[in-house]
Amino acid sequence: MSKTQIESFSASLLQELEIIWDEVGETKTEREKILNEIEDECRNIYIGKIEKVKEERSRLRQDIVDSEARVIAICSVMEEPSGPGRQQQSDQCGRSLKEELGKILLKLEDMEKRKSERKNQFIQVIEDIKCIRDEISGESDETCSSDFSVDESDLSLRKLEELHRELYTFQEQKRNRMKQIQDHLRTLESLCSVLGLNFRETVTKIHPSLVESEGSRSISNTTLDKLASSVNQWHETKIQRMQELQDLVTTMLEFWNLMDTPGEEQQKFMSISCNIAATVSEIIKPNSLSTDLLEEVKAEVSRLEELKWSKMKELVLKKRSELEEICKRTHIVLEEQDIAVENVIKAIESGEVNPENILEHIEYRAGKVKEEALSRKEILEKAEKWLNACEEETWLEEYNQDENRYNAGKGSHLILKRAEKARVLVNKLSAIVEALASKITIWESEREAEFLFDGNRLLAMLEEYTELREEKEQERRRRRDLKKLQGQVTPEQDKGTPTKHQSAKKSLKVSTNKRFGSSPQTSRSDSPHSAKSFASQSRHG
């Protein structure tokens, strides 16, 4: 109802009241009194309504202020601009309080919605951080609980980004831990395979979750430490078992070589013996270091050791025979302590000496003989050549004294060829002897020892041979001189020449036969005294 309508309505009511008063005959005083009352009542009603409107206005203004304050507070928490103030907006737009309040309430609703969404983002990130932190600390292995509060005093994007960076750090740490655990599990599985252990049982003792290929595995500090400790423990066990196995295999190989074990008996352990020089990382075959395998190798070594003691006498004789053969080939005479085999065997049977020490001594002597043979090789080859030439010289002398040597007969042409070759070789004897003597002299000078050939000094043999050849040559010259003086010598006189020529032949044959016979020292070295000294040395060796 407009103001004109109100005035028109009030005028009609006053007119109606005047009519009634006229009918009633109301006095003017009474009428004025009533009109004054009506005015007072209307004024009071206006005043009351005005007060109510003022109160509504104040309430709207307060709501606007409160809503703006809430918007500002939310913007502050989220670090976002709150926009221009209400007075500035009202002045610019000319909106009423209710319109202003409605607009502010819409903004407030939007900000509260954004705040709720931001808060949920914070909750999600913080929950993820807490879950990973609990996994690392081992405080919770189940689904992460959400009984935590969010600090709503700072819901800014900056703070959210900080939390995201923290979450990324924890996620990276989790990934690294999962990779470490996977690497440890792979290493542990390989160790269990080599050592013959049950992988699932070993891992379950550390943490049951590690057995499962799917699902969440424990990545706590305790689990990681236990897993690393288990890997180190079994790695050390692998090293110890490897060293133990290699020691056993070394002993087994020594027994095989010592007793000439047949290849078919070795075949069973051939794959094991291949690891004797392997490193820890090279041993990857399943059960190659299991306790069962170690016990099997130990049993074999024990069997070989028992077998060795039962064959020790045979081994001593065999090694002794091998030593004698080496000495025979190299023309070295054994020392007295190396020869008394009978006494050594008696000492073994009585338990007076350790057979292993005797074998070790024989092998040591064989090694020394082989070492000496290398330095004697060139001289021995020249000595063999000299002795062969001496044999041919002896044969040629006997051939020249044969009156029937030119008679044609079966095989005579072969004998003639041999004689021609023998003469060529004999003509080289002086050079052979000179070269051999030079080599021997250098050898003896370098080692400050005599070069012995079957117990005799080879240089002395050469000197003796040279003297004999000189005597023979003098004998030949003397005979030629006699022929010149006396004329033709009868065959009977020629056969009756002095005995020095025959003596020279005999000495040369003795020198030649020394290659095949034994020296005088050999018989002396078989005395019981030498065997005793050898046995004594074996005990202390």
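A residue is called buried when its relative accessible area is under 20%, exposed when it is over 50%, and partly exposed in between. Asp 40, at 38% relative accessibility, therefore counts as partly exposed. The model described here is predicted. The protein has 541 residues, and buried residues make up 33% of them. Its secondary structure consists of 20 helices and two strands.

**Overall figures**

- The protein exposes about 34,400 Å², and carbon and sulfur atoms supply 50% of that area.
- Of the contacts between residues at least 6 apart in sequence, 78% join residues at least 24 apart.
- The structure holds 39 salt bridges.

**Helix 2 (residues 28-78)**

- Asp 40 and Arg 43 both lie in helix 2, three residues apart, which is about one turn of the helix.
- A salt bridge links Asp 40 to Arg 43, with 2.7 Å between the closest N and O atoms.
- Like Asp 40, which is partly exposed at 38%, Arg 43 is partly exposed, and its relative accessible area is 43%.
- Tyr 46 also belongs to helix 2, and it counts as exposed because its relative accessibility is 53%, where the cut-off for exposed is over 50%.
- Together with Ile 6 and Ile 50, Tyr 46 makes a nonpolar surface patch of about 290 Å².
- Cys 75 is another residue of helix 2, but it is buried, with a relative accessibility of 2%.
- Beyond its neighbours within four places in sequence, Cys 75 is in contact with Glu 80, Pro 81, Ser 82 and Met 111.
- Cys 75 and Leu 155 are 80 residues apart along the chain, and their C-alpha atoms are separated by 9.4 Å.

**Helix 4 (residues 97-137)**

- Lys 130 and Asp 134 are both in helix 4, four residues apart, or about one turn of the helix.
- Their side chains meet in a salt bridge, at 3.1 Å from N to O.
- The two partners fall into separate classes of accessibility: Asp 134 is buried at 8%, whereas Lys 130 is partly exposed at 24%.

**Helix 7 (residues 221-259)**

- Gln 246 is found in helix 7.
- With a relative accessible area of 15%, Gln 246 is buried, since the cut-off for buried is under 20%.
- Leaving out residues within four places in sequence, Gln 246 is in contact with Asn 275, Ile 276, Ala 277 and Ala 278.

**Helix 10 (residues 291-310)**

- Leu 304 sits in helix 10 and is buried, at 0% relative accessibility.
- Not counting residues up to four places away in sequence, Leu 304 touches Met 252, Phe 255, Trp 256 and Met 259.
- Leu 304 and Thr 251 are 53 residues apart in sequence, while the distance from C-alpha to C-alpha is 9.4 Å.
- Glu 300 and Arg 303 both lie in helix 10, three residues apart, about one turn of the helix.
- Arg 303 forms a salt bridge with Glu 300, and the closest N and O atoms are 2.8 Å apart.
- In this pair, Glu 300 is buried, with a relative accessible area of 10%, and Arg 303 is partly exposed, with 36%.

**A salt-bridge network**

- Salt bridges that share partners join eight named residues into one network: Glu 393, Glu 397, Arg 469, Glu 470, Lys 472, Glu 473, Arg 476 and Arg 477.

- Glu 464 has its place in helix 16.
- Its relative accessible area is 35%, so Glu 464 is partly exposed.
- On the surface, Glu 464 gathers with Glu 463, Glu 467 and Glu 471 in a patch of negative charge.

How values were computed
Residues are numbered from 1 along each chain as its sequence is written. This is a predicted model: local features need pLDDT of at least 70, side-chain atom pairs count only at pLDDT 80 or more; totals for chains, interfaces and linings use all residues. Side-chain values use heavy atoms; hydrogens and water are left out. Patches are made of residues with over 30% relative accessible area and no salt bridge: like charges are joined within 9 Å, nonpolar side chains (Val, Leu, Ile, Met, Phe, Trp, Tyr) within 5 Å. Accessible areas come from the Shrake-Rupley method with a 1.4 Å probe; for residues, only the protein chains shown count as cover. A salt bridge is a side-chain nitrogen of Lys or Arg within 4 Å of a carboxyl oxygen of Asp or Glu. Lys and Arg count as positive and Asp and Glu as negative; His and the chain ends are not counted. The place of a charge is taken as NZ of Lys, CZ of Arg, CG of Asp or CD of Glu. Buried means under 20% relative accessible area, exposed over 50%, partly exposed in between (1.4 Å probe, protein chains only). Contact means heavy atoms within 4.5 Å.
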